[in-house]
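Morning, everyone. I have one structure to go through today, and I will keep to a few residues. Please have a look at it first.

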Amino acid sequence: TCKEKDSMATFECETSEPFVKVKWFKNNMEIYSGDKYRMHSDRKVHFLSVLTIDMPDDDEYSCVLVEDESVSTTARLIVEEAPLEIVKHLEDTEVPEGLSGELECVISREDVEGRWYFGNTE
């Protein structure tokens with residue numbers, strides 16, 4: 001279990017023999033090292049790091065032997081949604097009559113749309 005926006009979550013699996021080649025899968029689709037995933041092995045232990053955790057990373061991950069794909073192990077990454085918070089609150093602003101003004105607030109998540117209200121009117 002990790003939180004959305006955490007920098008990394010790491011899986012590890014251990015094989016009975018050293019230097020065995022493995023492949024990693026997310027939801028039965030093979031994944032590769034790159035910007036999102038880092039993979040490495042140290043003798044019998046194989047590691048998968050999922051970088052910059054987001055909600056779509058909540059899924060099942062499998063470590064599969066290259067030489068015998070019937071040998072595998074699977075675990076789930078559970079991602080807890082980041083709380084929605086106001087990072088920058090509204091500030092009082094004075095604007096001369098007849099001119100336009102701008103109000104700004106910042107929230108902690110980019111995937112949420114806000115709504116503006118004047119009194120009870122949207």
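Start with S62, which sits in strand β7, residues 59–65. Keep in mind that this is a predicted model. Is S62 buried or exposed? Its relative accessible area is 10%, and the cut-off for buried is under 20%, so S62 counts as buried.

What does the side chain of S62 pair with? It makes a polar contact with the side chain of T74, at 2.7 Å. Leaving aside residues up to four places away in sequence, S62 touches K23, W24 and F25, and also T73 and T74.

Now to another part of the chain. V87 is in strand β10. With a relative accessible area of 58%, V87 is exposed, because exposed means over 50%. V87 still has contacts: setting aside residues up to four places away in sequence, it touches V106, I107 and S108. As for distance, V87 and L65 are 22 residues apart in sequence, and their C-alpha atoms are 46 Å apart in space.

I107 comes up again on the surface. Together with L84 and I86, I107 forms a nonpolar patch there, and the three have about 250 Å² of accessible area together. Where is L84? It lies in the loop between β9 (79–80) and β10 (86–88). L84 has 49% relative accessibility, so it counts as partly exposed.

That is what I have. Questions, please.

Technical notes
Residues numbered from 1 in each chain as written. Predicted model: local features only at pLDDT ≥ 70, side-chain atom pairs only at ≥ 80, totals over all residues. Heavy atoms only, no water. Patch = residues over 30% accessible without salt bridge, like charges linked within 9 Å, V, L, I, M, F, W, Y side chains within 5 Å. Areas by Shrake-Rupley, 256 points an atom, 1.4 Å probe, with all protein chains shown as cover. Salt bridge = Lys/Arg side-chain N within 4 Å of Asp/Glu carboxyl O. Helix = DSSP H or I, 4+ residues; strand = E, 2+ residues; numbered from the N terminus. Buried < 20%, exposed > 50% of the residue type's maximum accessible area, 1.4 Å probe, protein only. Contact = heavy atoms within 4.5 Å. Polar contact = N/O pair within 3.5 Å; in protein donor to acceptor, adjacent residues only side chain to side chain.
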